[in-house]
Each structure stands twice: as C-alpha cells, then as structure tokens.
Amino acid sequence: MFTDFSDRTWLWAAAGFYFAGFALGTIALLRQGRPSGSATLLLIAFGYALQLAGLGVRGRAVGGCPLGNQFEFYQFIAWSAITLYLVIGVTFRNSLLGYFTSALASALTLLSLAIPAWDAMQRTHIFGSNPWIELHAALAVFSYGVFGLLALTSILFLLRNHSLKSKHLGGWFSFLPSILDLDHIGVRLLVAGVTILAVSLGVGSVYWVRDMSSVNLTKLIVTFAIWLAYAAALGLRLRGILLAKRFSWACLALFVAALLSLGPVDRSRHPVERAEVRAR
Amino acid sequence: MSADGLFVIGATHHRVPLAVREKLSLGPEAAAALQAEFAGIEGLREFAVLNTCNRVEFYGVGAHSDVAARISAAFCARQRFDVLEFEKVRLELRGRDAIQHLVEVSAGLDSQMLGETEIFGQVKEAYATAQASGTTGPVLNRIFQKGFQAAKHIRTHTAITEGHVSVANVAVDLALNIFGELTAARILLVGAGEVGEKTARAFQSRGASALTVASRRLERAMELATALGASAMPFEQREARLAEFDVVVCATSAPDVVMSLVATKTAMHKRPARPLFFIDQALPRDVDPAVAEIENVFLYNLDDLAKIAEENRVAREAEMAKCRVMVAAKSDALWRQVATQIEGLANRVEPRSVQQEKPA
C-alpha cells in the first residue's frame, strides 16, 4: 500500500516525526524536565527513515540525487544534519542536541513543503550521466547539513556560556553539555564541513576547468565564498583568534548566509527553464 | 494485624543535638558488644543496628511490645546514658511507620543534608553486617531489600538527589559544566586553610588528580600537598604560572587581591581556547571581580556558590511532596507483605532469642 505514496507524502510524514520530537522536547522543558533522549532519538530515527524513503522515491523519479530545486536542497540539508546527529548525538548522549536538531529538521522540511514554488519544477537527469557531478552536488549540500549542525552546537554553546556568565544554572540550562565539549564538537564539525565542501569544490572544479561555460558564475562565486568564509573561520579558530562566543556567532551567521545563498544559486542554475515553468 | 512486632528505636539529628549524639555514638567495639547483648534479649527475633554520625537506630522484630524498651535499656547502660533522658528524645516507630522510616532514611529524605546519597551505602552496610552476624530473618531481610529497591526507585524517578547542596560540591559541579570531566583538569589551590582543603577534596572525589597547592607559608603548602597527594609551589609564582591551570580555588585570608586582572589577561593570552575557572572562597575576595569580563574566564565567589547551593536545597525540598507519595505507596505495599509474618512470629508459642536462632 505504501508504494502508492508520493514522495511529498513520505516527506510530510517525516516532517511530522521531526516536529513531534521538537514538540515532545518543548513540553518536557516547559515542565522543567529533561527532554527524553531515547524518545527524541526514536522519533528522529522514524522521521529519518521516512525522509529517506521520500527522497528515494523522488530520486528514482528524477533519475539521480534529488538536488534539482530549492525544496530538494532544504530536504537534503535536513537529512544530512540528521545523519550527523544520529552519529554525534548518540555518541554524546546529548538529549538537547536531539531537541535542537529536531527543531532545525522540522523547520527546514516544513518550510520547504509549505512553499510550493520551491518545488514547482522537478528537473530530471540534471547531472546527465556523470556520477562525479552528482557526487559534487551531493557533497556540497551534505556539507551544508554539517554546517547546520554546527549552527545548532553554536546555539548550545551560547546558551551554556550565558548560563555560566550570568550564573543561572537551574532549569533546562542544567541539561546543556559542558562548554569545553561543545567547543570541541564545534571545531570538529567545522573541520568536517570545510573538508567535505572542499572535496565537493575540488570535484566540481575539474569539470569547470574543462568547460568554463558549464558552470554559472553566480553559483561558482557564491559557493566558493561560503567555503572561503568557513575556511577562514576555521583558520582563525585554530590560531586562537576567533574563539568562544565570537566563534559561535560567526558559525551561526555563516549558516544563515549559506541558507540564504541557496535561492540565488538555484535561480542562477537554470534561468531559462525556470522561466518556462512559470510561463506554463 | 499487630503493628507492634516490627519497630525502630533510636536517636537522630532531628531531636538530638550534636553534643548528645556524640555521647550516644557507637564505636566499632561498642557496636559489636551491644549486638552480642541484644542477641541475648528474650523475644527479640531479628535486629539490625544503623550507626552514623547523624543517627543511631535499632531495627527489630519482637515477640512482645516491651522488647524495644529492653533494647533502650541495654543501649543506655552501655553508653552510660540516662534512660529517662533518652526516652525524652528518642525516636520510636512501629509497624508500617517503621518501614516508611527505613525507606525515607535509605533515600536520603531523612538526612540532615536532604537527598544526600552517602546514607544509602551506610544503611546497606548496616544490613550486611546484621546479615553476616545472623541477626536478620525473613522480616528484616524483606523490608531492607525491598526498602533499598524503593529508595533507588525514588532517587531515580525524582530530582531529590539533583544539584549539590554543599558549597564545595557546587564548585565541582560548576567545573564539570565548564570542562565536562575533571581527569585532565589542572587545579591550583591558593591558600592552605580548611575551606580550600575541603573544596580540593571534593574535586579529588570527583576525579581530579592534577592538584597544586600554593600558600604564603610554603611548608604549610607542602604539608597539605602531602596530605592530598598533590604538589606544592611558592605563593609568589601563582600569577606567573596561572596559564598552567584550568581551575583556581582561592581561599586565603589575604586583605588584598591575590589574582589580578593583568595576570589573568596575560594567562588567557597564552591559552585563549581553554576556559579558566576561578572559585573565590575568600573574604575579602582574592580574585579581581573584573576578570569575569574576560572571554572564556568564569568567576564564582562565595555568595554565588552559596546561592546555588540554596537554590538546589529549595529544589530538593520541592521534590519532597512527590517523594512522600512514593514512599507512602511503597511502605503500604511492603507492610502488607510482612504484617502476617510479623504476627506469626509474635504468636509463636515458644519464643527463642536471636542468638539461639543463629546458625552454627
């Protein structure tokens, strides 16, 4: 019976589970309790499986990795962040990270589902028959998922720093991880994100060098600028210049910039095609 | 259903001041001798002795109601304490109330420091000693074992043990909020007085091992360092070597600041990515309050620590209502399980003393 479900049905169901994880945590926090790590993990895992099914259906329909429009970008970023959470969150037994990840995933997935224009066109075979280009695109968007989790870790860091500096340690501040742990997780995520995006850009540049007209200049400049900004943040962090609060704010601002850049990147890729779709 | 068979009598911190508790406290030899005496009391079927710094309690199962009075008399005689005085302050509970008391004590609900967990181990030890001596039987075995389960349940399902209520442990909790774990944290204790020593020991009990003591009198620093298994350093080097440490516990009686803003800034310049945590337990304060403005530096003084300890204590008290409901339910259930057994023991035709029941 599930074979009749459309990709968006799966993805709505996935968004529902992510939102349920967020709602469960919110209720627990409002009752001054600790969000249940195992319940949140279970809901996220269910949502992840459903999202995987939805992206799988979409992938088969478009004949490749579903990264053809802004809707798919947001879905893939949420999926990437959840993938990492399922590794990091479980390792660190951090129920608040689960809570915030479910908040991010439900926000990204619900927003993308709620704006039909973002999914107005489903481009098929956008990568042609070239798996390297597909890998380039998948890695690039996956790195955005890593940066998404980094942004969440940064929020946790800022909250923990605020609680320690203001000496308010009760309530749900007591569920936050230590400030040093959050800093270490943040640096590791930044290293991972910068590396993955660098590999993606490396793979893409091979084709750009061969045929410069194949890559839109706006997309190239925006993506490279995002990577450069994150790489600069990493360099400054490792040299002990960009630290603690400022480092966290920088990671948050960069993620917002990265998300906002997706729109122009998408529009710049196939302007003619978009115009045709709108005209229909 | 007779409630008299099962009883607890004793003296606790609630009604007995420290000076009197000192007189009632049992040393190891006195406790052993008293147990031997109790074993000879006619009609006493089972018993266990709980002896801590805040309480001396005797749990027993007797064939008749005056067994408890005989225990009181034997105890007072051994401690050379007036029986009438003892009766004025003593705790005496029977039947279900005795079970409830045991659960409350085991869960730390009856402790001077509400929700403390050390008492659980002490009750377990008291029970193990009684069991090894053969003075427990079916009733006490059941109520102690089930009582432990109930206490664990209460501690797990309420927040009664959350947040420490002593200043030293609050300081350690704060360090854990900053560093996650203390095994790799380097701690500097400035001042070799009692307050600092207490905090240093609290850190050690939670995994800290790299401890250095600095004091104006180097010999006193070395003495304390030896006692703590730590190292000592001259007081004059405290600021120059500040960058080497993660946690600095200041507890001197110096009239002026011993950790300056300039020295802290210099230290942080050398280790910008690693947080520095100052615990200022001195009065007047040892650490320049302005250091709190530096990024990655956290400063807590005596008032801050006391305030957190008080908040934790209030939070624990707020959990008491929830705990009491749980204790009542557990005690009722346990009482229903043992009441018939107790009545059976009391009605036995030829009561034998505990000593006679002891295995060969």
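Okay, so a salt bridge here is a side-chain nitrogen of Lys or Arg within 4 Å of a carboxyl oxygen of Asp or Glu. Keep that in mind, and keep in mind too that this is a predicted model.

With that rule, we get one salt bridge across the interface of chain B and chain A. The partners are K167(A) and D304(B), and their closest N and O atoms sit 2.9 Å apart. As for polar contacts, twelve residue pairs count between chain B and chain A, both residues at pLDDT 80 or more.

So which parts of chain B touch chain A? Helix 8 (167-179), strand 10 (297-301) and helix 12 (302-346) each supply at least two residues to that side. Helix 8 of chain B gives the most, with five residues. By type, that side of chain B splits into 14 nonpolar residues, three polar and four charged.

Now the area. For chain B and chain A that's about 1600 Å² buried, with carbon and sulfur atoms giving 56% of it. On the chain B side, N177(B), E295(B) and F298(B) lose the most area to chain A, together 35% of what that side buries. In contact terms, 21 residues of chain B meet 19 residues of chain A.

You'll find it in the loop between strand 1 (6-12) and helix 1 (18-24) of chain B. Is H13(B) buried or exposed? H13(B) counts as buried, because its relative accessibility is 13%, under the 20% cut-off. Beyond its neighbours within four places in sequence, H13(B) is in contact with R21(B), N54(B), R55(B), D110(B), S111(B) and Q112(B).

Terms used:
Residues are numbered from 1 along each chain as its sequence is written. Chains are lettered from A and ligands numbered from 1 in the order in which they are written. This is a predicted model: local features need pLDDT of at least 70, side-chain atom pairs count only at pLDDT 80 or more; totals for chains, interfaces and linings use all residues. Side-chain values use heavy atoms; hydrogens and water are left out. Helices (H or I, at least four residues) and strands (E, at least two) are DSSP runs, numbered from the N terminus. Buried means under 20% relative accessible area, exposed over 50%, partly exposed in between (1.4 Å probe, protein chains only). Contact means heavy atoms within 4.5 Å. Buried area is the accessible area (1.4 Å probe) that two parts lose on being put together, summed over both. A polar contact is a pair of N or O atoms within 3.5 Å; within protein, one must be able to donate a hydrogen and the other to accept it, and residues adjacent in sequence count only if both atoms are side-chain atoms. Ala, Val, Leu, Ile, Met, Phe, Trp, Tyr, Cys and Pro count as nonpolar, Asp, Glu, Lys and Arg as charged, and the others, Gly among them, as polar.
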